[in-house]
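Please view the sequence and the structure together while reading.

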Amino acid sequence: MPTASDDIELTEHELRDITGYAAQGARRVLSLFEEAHPADPRPRDALEAADAFAAGGRRTNTLRQRAWAAYRAAQEATSPAAVDAARAASHAAAAAYLHPKASAHQVKHILGAAAHAARAEELACGEEQPVTAGTLGWARLHAPAAVTAVLGRLPAAPPGGGRVGELLRDLDAALRD
């Protein structure tokens, strides 16, 4: 098993595929943020920047700034579902900055957008709603080969993180099976 200080192989193609996957997952709940905050474009801007990188664009400071802006939008959001929807967008843009280190923390860069999107969906539908039927199920079925390949080079998702952490670990385990 690699240690956190070990380097892993990570190609630019894998990084682009992971970022595109993260953006697609986050986009599934973007409307939850936009309905609550229709004048705030920051999560949408973060997803557009992630899409541009995934499509072959450069990894620029603008992409990083948009990830942070979506994170700030989450901090300012007024509903729990909107908070997690904005965090999903932030994680999607931040996926472009996955580090080639064998750290369990890097799993959050790969699957954080899907986990936050699933939590946003769960909050919007009521906590009794099984998330496996929505975004988490989508994330399991639509993970590109790059996601499973890179996860295979990393330790399992770390403990903690509340409900989002549980969703992250569930998705991580499902994608490693």
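The model is predicted, so local features need pLDDT of at least 70 and side-chain atom pairs count only at pLDDT 80 or more, while totals for chains, interfaces and linings use all residues. Residues are numbered from 1 along each chain as its sequence is written, and side-chain values use heavy atoms, with hydrogens and water left out.

Helices (H or I, at least four residues) are DSSP runs, numbered from the N terminus. The buried residues of H7 are Thr 135, Leu 136, Gly 137, Trp 138 and Ala 139, where buried means under 20% relative accessible area, exposed over 50%, and partly exposed in between (1.4 Å probe, protein chains only). These buried residues pack against H1, helix H6 (105-125) and H9.

Two packed helices are described by the angle between their axes and the distance between the axes. Axes are lines fitted to C-alpha atoms, for helices over the stretch in contact, and angles run from 0 to 180 degrees between N-to-C directions.

Helix H7 (residues 135-142) packs with helix H9 (residues 162-176) at an angle of about 30 degrees, and their axes are 10 Å apart. That makes H7 roughly parallel to H9; angles under 35 degrees count as roughly parallel, over 145 as roughly antiparallel, 65 to 115 as roughly perpendicular and the rest as oblique. On the H7 side, the contact (heavy atoms within 4.5 Å) is made by Leu 136, Ala 139 and Arg 140; on the H9 side, by Leu 167, Asp 170, Leu 171, Ala 174 and Leu 175. By class, the residues of this contact of H7 with H9 are six nonpolar, no polar and two charged. Here Ala, Val, Leu, Ile, Met, Phe, Trp, Tyr, Cys and Pro count as nonpolar, Asp, Glu, Lys and Arg as charged, and the others, Gly among them, as polar.

For H1 and H7, the angle is about 155 degrees and the axes are 10 Å apart. That makes H1 roughly antiparallel to H7. Tyr 21, Gln 24 and Gly 25 of H1 meet Thr 135, Trp 138, Ala 139 and His 142 of H7 in this contact. Its residues divide into three nonpolar, four polar and no charged.

## Aromatic pairs

Rings of Phe, Tyr and Trp (its six-membered ring) pair if their centres lie within 6.5 Å; planes under 30 degrees apart count as stacked, over 60 as edge-to-face and the rest as tilted. By this rule there are two aromatic pairs.

| Pair | Type | Centre to centre | Between the planes |
|---|---|---|---|
| Tyr 21 and Trp 138 | stacked | 5.8 Å | 15 degrees |
| Trp 68 and Tyr 71 | edge-to-face | 5.6 Å | 85 degrees |

Tyr 21 lies in helix H1 (residues 12-27) and Trp 138 in helix H7, so their pair ties together parts that are 117 residues apart in sequence. Tyr 21 is buried at 4% relative accessibility, and Trp 138 is buried at 14%.

Trp 68 and Tyr 71 are three residues apart in helix H4 (residues 61-76), which means they are separated by about one helical turn. Trp 68 is partly exposed, with a relative accessible area of 49%, and Tyr 71 is partly exposed at 35%.

## A residue of H3

Ala 52 is found in helix H3 (residues 42-54). Its relative accessible area of 44% makes Ala 52 partly exposed. Between Ala 52 and Arg 16 there are 9.5 Å in space, C-alpha to C-alpha, and the two are 36 residues apart in sequence.

Key:
Helices (H or I, at least four residues) and strands (E, at least two) are DSSP runs, numbered from the N terminus.
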